[in-house]
Amino acid sequence: MAMVEIKDIKKTYHQGNVTVEALRGIDLTVDTGAFVALAGPSGSGKTTLLNIMGGLDLPDSGIVIVDNNEFSRMTQADLAALRLHKIGFVFQAYNLIPVLSAIENVEYVMLLQGVPATERHDRATAILDDVGLEGKYNRRPAELSGGQQQRVAVARAIVSGPAIVLADEPTANLDSKTGEGLLLMMKKMNKEKQVTFIFSTHDSMVIDYARRLVTIKDGRIVNDETK
Amino acid sequence: MLVRLAWRNIWRNPRRTLVILLAVIIGVWSMIFLGAILRGMEAEMLRNAMSNLTGSLQIHHRAYRDDPVVENSMADRDKLDRVLGISLGQGAHWTRRVRVMAVASNARHSGGVTLVGIEPEKEARISFIGSAMTAGRYLESGDKNQILVGRAFLATFNTKIGHKLILMSQDIHKEMASKAFRIVGVFSAESEAVEKQFVFVPLSQAAGMLKMGESISEISILLPDLDMTGTQETHMALKLTAAIADDTYCVETWQQLLPMMKAYLEMSGFFLYVWYGVVFVAMGFGIVNTTLMAIFERMREFGLMKALGMRPLQVVKGVVAEAFFLLVLGISVGNILGFLSVAAIARNGIDLSVLAAGAQMWGIPRKLYPEIWVQDLVVAGLVVLVLGVLVSVYPAVKAARFTPTQAMMKN
C-alpha cells in the first residue's frame, strides 16, 4: 500500500532575476513501512522534494498524495493538521524550541494534538527513555550535545504516532558514532511500528542503512534501486 | 505549556523586554499620576464651587434665577421644611437664604454687593463661610445688625472691624430699603472676587430689612458625598420635585447651577482620555516594533512550529500571548508606581499658592490633592491592554502568514 504517491511534480524558485528549477517532473511512490533514502548532490532537489511531501511547500504542478490525502485539495490549516497527526519531521539543525526543555519539546506536538497532560508526560518520558535520554528530561537544547538534540527531535517526530517520518539530513551535524546510533534507533522503530521513513542525505552510512535508494540530480530522479 | 512558552520567550532578550516594559510602565504611570492630579483638581474646583454658596442642589422660586429679586421668593417655608425633612437622607445638610443685589456704602466708598441673609449655624455646615473667618467673629443666631465682609472688601472700602456699613436694596414692595450694620468679622475666600462680592448678615435681619416676612430666596442643600457625575444630585432633584409638587418652585442641581463647571469637567475628562490615546500611540509603536523584532529573530522557529503542525491561528495566539504578558506586567508595575507616587503627594498636597493669583480666576485651588478614580484606572488599563494586544496582532499575523519553508529560510 502506498504511503506517498507523487506524480509529475515540478517546482521552480525565483530569486531576484534568477530562476531555479528545483524539481523538473518527479514521479515517486513510497510504500507504507519503507525506509528510503533520497540521495544526490547539494542543490539536486532532495530537500525541496521532502518539503513538498511534508506539505511544507507546494509544487507548481503535479499531484502529491500522502496517506490518501491529496494536497492540492487541502487548505493550509488542513495541511497543518495532516502534519500534526500523520507526519513527523527531523531537520538537519535548529530542530528544537530553545526555551523548552527536552521533555517539553517532545510534549509540544502532543499538546497541539490535545493529548491530556498526564498522558503527554508519560509518553514523552517513555520515548525519551527509548532514545537513551533518561534523566535529561529537563535540559534545555543548549545543555544537550548535537546528538542528544537530534535524539530529542526524533523522539518528538515519532511520539505522536505518525504514519511517516521525513528526515532532512538528520546525521549531517553528527559524528559517525552518534549518527549510527540514531539510524539504528530509527531502523528499530521502522521495524517495530511500521513507520515509513524517508531521508534526504548524502551520508554514505544513511545510504547503507536504507532499503531503497532514490538518487536525484538536477531535479530529476536518475536512479531508483531497492536493495 | 503555551503560557510557559510565551513567558520564556519574552525573556529571551531581557534588555529589549526591559526597554519596552519601561515604556509601558512609564506610560501607565503617567496616565495614573496625571489623571489623579487632574481629577484632584476637578474635585477641588467642584468642592470650591459648591461651597461658594451653591451646594449640591438649590430650591428657588421658578423665576428667581432669571430675575433674582425679592418678589421672586418662596413663601411656603413650612411645606419646604417638611419635604426636606422627609426626603433628604442621613448626612445631608440644608439651609435657607435671602439673597439680593444691594449697594454697600460707608463714608469713603460705595459699591454693589450681594447681600446674603444666612442661618449662621446651618450655613457653616454647607458653605465656605463657616471656616473662612480670618478676623473678628462669625455670626450668631441672635445677632441683630452684625455683618461679615471679605478681606478684599475691607481694603476696597478702607474700613475695619467695628465700623459701620450701610446696605441699600429694593424691598418686597419695590421701595428702597436700607439698614446700618456693624462689621464683626472678616472672611477670606479662594477668590478675591468672592471676598469683594458677598456680605453676610443674619437671615432674620435681611428678611426684616426687605420686608419679606417668612419668605426666603433659596434653599441650598449639601449631599454627604461628592458625585462628580451629578447622578445622585439628579436623582435627588427628581425626588424633591415630586415631593414638593408645586410648579412655583424648581429644584436644580449643581450641574444646572454651574453650567461652566459642568462643561469644564466634561472637557477635562475628554482631554484626559485624549492624553491616554497619545500615550498609547507612543507606546503602541514600541510594542509593534519590539514584537516585530522578536518575531523576525525567531522566524525559523515559527517555521519549525508550523512544520510540526501548529496552525496559523495558534501562531497568532502565541505571539499575542507574549504581548499580553508584557502588557500585564507593565500595567501592574505602572499601577503600583502610580499608587505610590500619588500616595506620596496625597498627604500634603501640591502647593499651587505661587500660581494662586492667576489660578483663582479659573477656580483652581491653592492646594491640590490628587485623587485616583477607579474608572480612570480601568480605562487606562483597558486602553493599554486591549489596544496593546490589538497592535500585537499585526506582527503576529505576519509571523503566521509565512509558509513553514519561507519562515525556516529566514534566519
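This briefing describes the overall build of chain A and then a few of its residues. The structure is a predicted model, in which local features need pLDDT of at least 70 and side-chain atom pairs count only at pLDDT 80 or more, while totals for chains, interfaces and linings use all residues. Residues are numbered from 1 along each chain as its sequence is written, chains are lettered from A and ligands numbered from 1 in the order in which they are written, and side-chain values use heavy atoms, with hydrogens and water left out.

**Overall build**
- Chain A contains seven helices and ten strands, where helices (H or I, at least four residues) and strands (E, at least two) are DSSP runs numbered from the N terminus.
- Along the principal axes, the C-alpha atoms of chain A fill a box of roughly 45 × 40 × 40 Å.
- Of the 227 residues in chain A, 55% are buried, a term that means under 20% relative accessible area, with exposed meaning over 50% and partly exposed in between (1.4 Å probe, protein chains only).

**A:Glu134**
- A:Glu134 lies in the loop between helix H4 (117–130) and helix H5 (146–159) of chain A.
- With a relative accessible area of 47%, A:Glu134 is partly exposed.

**A:Gln76**
- A:Gln76 belongs to helix H2 (residues 76–86) of chain A, and its relative accessible area of 36% makes A:Gln76 partly exposed.
- Between A:Gln76 and A:Pro41 there are 35 residues of separation in sequence and 30 Å in space, taken C-alpha to C-alpha.
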